[in-house]
There are 2 protein chains.
Amino acid sequence: MVSRDPRSRRVALGRGAEFDLIRKLLADEGALPEEVLVGPGDDAAVLVGGWVLSTDLSVEDVHFRRSWISDVEIGYRAGAAALSDLAAMAARPVGVLVSLAIPPGGGADAEAVYAGIRQATRDAGAVVLGGDLSRSPGPLMVDVVVVGRAVDAASRAGAEVGDDIWVTGTLGASAAAVRLWASGMEPGGDLRRAFTHPVPRVTEALRLAERGIVHALVDVSDGLAGDAGHLAAASGVKVVLRTDRIPVAAAARSALGDDALDAALYGGEDYELCFAAPAGAVRGDDLSIPLTCVGHVEEGAGVWLDEGGDAPRLLERGGYSHVEGDGA
Amino acid sequence: MVSRDPRSRRVALGRGAEFDLIRKLLADEGALPEEVLVGPGDDAAVLVGGWVLSTDLSVEDVHFRRSWISDVEIGYRAGAAALSDLAAMAARPVGVLVSLAIPPGGGADAEAVYAGIRQATRDAGAVVLGGDLSRSPGPLMVDVVVVGRAVDAASRAGAEVGDDIWVTGTLGASAAAVRLWASGMEPGGDLRRAFTHPVPRVTEALRLAERGIVHALVDVSDGLAGDAGHLAAASGVKVVLRTDRIPVAAAARSALGDDALDAALYGGEDYELCFAAPAGAVRGDDLSIPLTCVGHVEEGAGVWLDEGGDAPRLLERGGYSHVEGDGA
């Protein structure tokens, strides 16, 4: 699905302060080498030979708090979050490289963090290929580089007018857990697990790719609004989402009531897939996990929300920003 | 130069607390996939198709201080240090992925750090392929993933009894700069530049590899003692270094006097190459930079220092540890 047209090897990003800065940082880059099939802007870079690479940073007190979850869980979610970028490219995970900065003295346990990363890596069928290690005079930080391989890598670009927009699983549970913790409450089983043990949708992405029905694919890491925005921007189209179709997690609904939709749209860290496919090409039971048609693609730009009443309204906000803090 | 023997695809590490921890962390890893030619323990992983990957972490107040150098320089040295791992594999740099965690509010300037990384990347003939961005509630951290390609990747393993040990350039200047800063002094031009603008020896490594005379190769990132130790451990040999041959940088000698040798052996961050080649195969003028024969390979283990008097003594210390702090 990756275009070899050199003009399209850089991918446009959606809204948000984090992406404004990234756009600026990447502004004056030169030409990409021939052996780079996809450069900055997609979920991962793609190299000749089908190698797919991405990197994902988890920072204490930005992405997680050590008072919320264990060191093993910190490692697991950092690994799973990074591996989700391979799912977003329909790439099979091969290995990870782990850079770990650990506060010394009685604090975080490097071996426990590492055990969590290794478990997430094994669960995805991959191995640890290397890494780097440092002490940190401040927060614990984990940067996980994921290495995968794709026969035909998926891209954020490629959604066509008339396509349906689909989402796997349910959304908002991880963000609901964070909101409970932030309010001094302890999230229960399903909510907590959504945050600590996200499942990168690798199997599902490979299955969808094999069927050849995916025009554009992204993982939902920063909230559906933000990630559908990346897909829209990369594809040069408008995405219209129907409020009543968004599969808000039941546990998020119980915990947050009407705010659960906001958690699904802007909360982030669900690590589900969002993809565009031709109308009628996908069935709701195509995968062994829930699959929901949440909207469609039109000519235009941006992500619009159809709330069933008046005309759809443009979502001005992007997803969660790990640079500026909560967009929600 | 990479062996396809699966037993040798993991590479043994030398002495030091950082490496003791890494050994522990990697202890119960399973089998490597077929498409991984070199796994953990060498300077980088090597994948089918000749792709070479490594990651290198730079943490404020561990690897650098913001009172010492500018944000552009922080980026440059982080990029150059990471690219040096490609030189150590005799790989041609293709691209980098950059994960950046920046303290918010008036502190470090993400664009300046990024400009430095981009300059180091361009200087090495590579481009930025992607990355991640977060705020940091503590120190600035940069993790640079380097992506290169090698026709026949060099390895730390492969040194043979009777080989000579060679070093490019001079050693100790970067560590001398750090020692001056740590003593409240300001290092002068050559010393400062050794720290802020290390030159990854990519051209030199490719030239040596083309000549087919390198049995084992490593970059000197943690001090000659530590990195020669990795080469010895990976190759299953003893390395004997001659004190009087070690090319201590003149500026380091001026600044530190007799302590300059210590900076060369244990200080780190020189980013020169250290390699084993058959006796007589290398000439001192084979490269356009200084090339010095500093010792030879014998049967045995560890790094030994021949000070010209009694029998050589085993160096018990590894190189600089970014986990435990100064080994010096």
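**Figure 1. Approach of chain A to the rotation axis in the predicted model.** In this predicted model, A:Gly138 is the residue of chain A that comes closest to the rotation axis, its C-alpha lying at 2.5 Å. Chain A is superposed on chain B by a rotation of 180 degrees, with 0.0 Å of shift along the axis and an RMSD of 0.0 Å. The two copies are therefore related as by a two-fold rotation axis.

**Figure 2. The interface of chain A and chain B.** The contact involves 64 residues of chain A and 65 residues of chain B. Of the interface residues of chain A, 100% are also interface residues in chain B, so the copies meet through the same surface. Between them, chain A and chain B bury about 5,300 Å², and carbon and sulfur atoms account for 64% of this area.

**Figure 3. Polar contacts and salt bridges between the chains.** Between chain A and chain B, 12 residue pairs are in polar contact, both residues of each pair being at pLDDT 80 or more. Salt bridges across this interface number 4 by the rule applied. A salt bridge is formed by A:Glu35 with B:Arg92, where the closest N and O atoms are 2.9 Å apart.

**Figure 4. Elements of chain A on the side that touches chain B.** Across the interface of chain A and chain B, 12 residue pairs are in polar contact. Two or more residues on the side of chain A that touches chain B are given by each of α1 (17–25), β2 (45–47), β3 (51–59), β4 (92–102), α3 (110–123), β5 (127–135) and β6 (141–149) of chain A. The largest share of this side comes from β5(A), with 9 residues.

**Figure 5. The open sheet of chain B.** In chain B, 6 strands form an open sheet with mixed pairing, in the order β1-β2-β3-β6-β4-β5. Its edge strands are β1 (36–38) and β5 (127–135) of chain B, each of which pairs on one side only. On average, neighbouring strands of the sheet are turned by 20 degrees against each other, direction ignored.

**Figure 6. Strand pairing and helix packing at the sheet of chain B.** Strands β1(B) and β2(B), the latter comprising residues 45–47, run antiparallel and are joined by 2 bridges. B:Val38 stands opposite B:Val46 of β2(B). Helix α3 of chain B (residues 110–123) packs on the sheet and touches β4 (92–102), β5 and β6 (141–149) of chain B. The direction of this helix makes about 165 degrees with that of β4(B).

Definitions and conventions. Residues numbered from 1 in each chain as written. Chains lettered and ligands numbered in written order. Predicted model: local features only at pLDDT ≥ 70, side-chain atom pairs only at ≥ 80, totals over all residues. Heavy atoms only, no water. Pairing = 2+ DSSP bridges. Helix = DSSP H or I, 4+ residues; strand = E, 2+ residues; numbered from the N terminus. Axes fitted to C-alpha atoms, helices over the stretch in contact; angles between N-to-C directions. Contact = heavy atoms within 4.5 Å. Least-squares fit on C-alpha atoms with pLDDT ≥ 70 in both. Buried area = accessible area lost by both parts, 1.4 Å probe. Salt bridge = Lys/Arg side-chain N within 4 Å of Asp/Glu carboxyl O. Polar contact = N/O pair within 3.5 Å; in protein donor to acceptor, adjacent residues only side chain to side chain.
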